[in-house]
Amino acid sequence: MGEEILIRSMSMDDYGEALELWHSVEGLAVSEADSPEQLGRYLERNHGFSFVCVIESRIAGTLLSGHDGRRGYMYHLAVDPAYRSRGIASQLVEHALEALRREGIDKCHIFVISDNETGKRFWSANGWEQRSGFYVYSKSV
């Protein structure tokens with residue numbers, strides 16, 4: 001339990017371990033948008049906004065984050081169950097929020113799958129408000 005927790009910017013060198021973590025975490029959906037090509041473009045476009053937590057040379061947590069110039073967005077907050085209850089998720093979120101604040105972004109949105117009870121509890125417990133009154137529509141292009 002006394003391991004050093006390192007939070008650092010995510011790079012494509014982290015892709016394999018991150019993908020493995022995402023597949024292992026309940027409530028997180030992996031899609032074609034998580035391919036190496038698409039994630040590489042996302043990280044390049046949003047350089048310095050996504051983070052990993054490293055403990056003993058292993059990725060124990062991830063958070064993708066970026067913005068469109070007006071609003072921030074977060075995706076794939078994931079912490080290995082073996083490392084939960086150590087504040088890792090909160091630290092990842094705070095790093096991303098600080099990066100967004102430095103860019104002048106004053107509001108951030110997240111998408112939580114409706115049956116992801118762990119995710120809903122985390123975000124609610126950390127002061128995030130569930131929005132209502134609109135729907136999300138998607139279309140492949």
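**Reading the terms against the values**

Guide: The structure holds zero disulfides, a disulfide being a pair of cysteine sulfur atoms within 2.5 Å. This is a predicted model, in which local features need pLDDT of at least 70 and side-chain atom pairs count only at pLDDT 80 or more, while totals for chains, interfaces and linings use all residues. Residues are numbered from 1 along each chain as its sequence is written, and side-chain values use heavy atoms, with hydrogens and water left out.

Visitor: How do you know that Cys 53 is in no disulfide?

Guide: The nearest cysteine sulfur, that of Cys 108, is 19 Å away, whereas the definition asks for sulfur atoms within 2.5 Å, so Cys 53 is in no disulfide.

Visitor: What makes Cys 53 buried?

Guide: Buried means under 20% relative accessible area (1.4 Å probe, protein chains only), with exposed over 50% and partly exposed in between. Cys 53 has 0%, and Cys 108, with 13%, is buried as well.

Visitor: Why are β1 and β5 said to stand at the edges of the sheet?

Guide: The open sheet has five strands in the order β1-β2-β3-β4-β5, with mixed pairing. Strands are DSSP runs (E, at least two residues) numbered from the N terminus, and two of them pair if DSSP finds at least two bridges between them. β1 (5–9) and β5 (108–110) each have a single partner strand, so one side of each is left without a neighbour in the sheet.

Visitor: What makes β1 and β2 a pair?

Guide: β1 and β2 (residues 51–55) share five bridges in the antiparallel sense, and at least two are required, so they pair. In β2, Ile 55 is the bridge partner of Ile 5.

Terms used. Helix = DSSP H or I, 4+ residues; strand = E, 2+ residues; numbered from the N terminus.
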